[in-house]
Amino acid sequence: MSGPDIHVDLHLVLLRDGSILMGERRNVEFGAGQYHVPAGHLEADETIIDGIIREAAEETSIVLAPSDLDLAYVMHFRGASDRLSLFFTASNWTGEIETREPDKCAGWQWLKLAALPANIVPYARQAIADLTSGKRIGLFGWPVDEPIPYMARTRAYYRALGYDEPYRWAHFADAPFAPLGKKLRECRIGLVTTAVPYDPARGEQGPGAPYNAAAKFHRVYAHSIEGAPDVRISHVTYDRTHTTAEDSSSWFPLAQLKRAAAERRIGSLSPRFYGAPTTRSQRSTLERDAPDILAAMRADGVDAAVLVPNCPICHQTIALIARQLEAAGIPTVIMGAARDIVEHAGVPRFLFSDFPLGNAAGKPRDAASQAATLDLALHVLESATAPRTTVQSPQRWSDDSGWKRDFDNIETLNETDLARLRAEHERHRAIASANRTK
């Protein structure tokens, strides 16, 4: 067995009076428009001590002695490649801090640790939080425990309800891949969602509403991004046990994308976002809905797309649309919570958040979680070098992973429950079928 191919990155963490030295990156492929500490790669035939001393001099002009340095934090980073990221602190240095690479850094600043900006390179944000809380080692982009097996779970669930013919989930051996044709800060980004604009004529759709088949939509729509569009997900099967859909920003990252545009992390947003109907018919998605979204994006001059599903079937729908967009030359990244479904279909880029369904854009009522999730998705969009790139968010829903036990788990249901669920399912199918023919 061959060993892993691991790249070593060196980072300098300078702390002073509750502040940290960081600079905004610019004119670079990775992390443009985001703050980062002084950092670089370990060179051949160089010790890590010599390497960090060299990087400090090249980027900031300061002089470090080996005795001033402490290896304070180590991160094993899983992304497009495996990286060992070493973070050094320095108790002392000589010389004045200067911006030695103004073409790559807008200028070094002392930023208050208690009020750091949102636009920080995602793995550096985690490292700083860990290091300043006393942790010495961490992981980024690696699975931390087993995700819910949604395909197997739903197959067993519907069999228990009396539907013997198992659903065939979309699966492709290959995956298309379109590289970014320009820097991310120059790209117009389009947002695809499986949520639907609120229509009060279609019944209960508010936070905690039960599944509402009457609110389903059956054709692609395009809606203005102006203001704060009111979109709902009562028409899909998200996790109603452990979340209530009270905060649309946890499944609809429009506000965070507007932030990214304001901070010049991305060039601009498409003037419209795009609604993808959730359907079990893969043929409808491939032959009708994906082409409709592609046509709308081309009309709006979209350069790349962020796609956010909610329910299990939503994840398949979004995966199929992402594949078609990539094949047409539009790079994509999916922000999702059903890893097995998306990877089974085969997609170019996928940010997996191990959260209950309906929270793929971050935790509800947690702007920091939502910002970090979107920033990491944009990082995956710009840094992936090959298809089937999956990065797992380091965020955890809670310290207790017991929430994963409940979704469509027949072991928690008795015969009375199954009979009631079968009747409800048939009723919802009839409503959706009637709406589809209108």
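User: How many positive and negative side chains does the chain have, and how far apart do the centres of the two sets lie?

Analyst: The chain carries 49 positive and 55 negative side chains, with the two centres 7 Å apart. Lys and Arg count as positive, Asp and Glu as negative, while His and the chain ends are not counted; each charge is placed at NZ of Lys, CZ of Arg, CG of Asp or CD of Glu. This is a predicted model, in which local features need pLDDT of at least 70, side-chain atom pairs count only at pLDDT 80 or more, and totals for chains, interfaces and linings use all residues. Residues are numbered from 1 along each chain as its sequence is written, and side-chain values use heavy atoms, with hydrogens and water left out.

User: What makes Arg-259 and Asp-375 a salt bridge?

Analyst: The term requires a side-chain nitrogen of Lys or Arg within 4 Å of a carboxyl oxygen of Asp or Glu. The closest N and O atoms of Arg-259 and Asp-375 are 2.9 Å apart, and the pair forms a salt bridge. Arg-259 lies in helix α4 (residues 254–262) and Asp-375 in helix α8 (residues 367–383), so the pair ties together parts 116 residues apart in sequence. Helices (H or I, at least four residues) are DSSP runs, numbered from the N terminus.

User: Why is Asp-199 called partly exposed?

Analyst: Buried means under 20% relative accessible area, exposed over 50%, and partly exposed in between (1.4 Å probe, protein chains only). Asp-199 has 28% relative accessibility and therefore counts as partly exposed. Its salt-bridge partner is Arg-202, at 3.4 Å between the closest N and O atoms. Arg-202, at 34%, is partly exposed.

Conventions
Helices (H or I, at least four residues) and strands (E, at least two) are DSSP runs, numbered from the N terminus.
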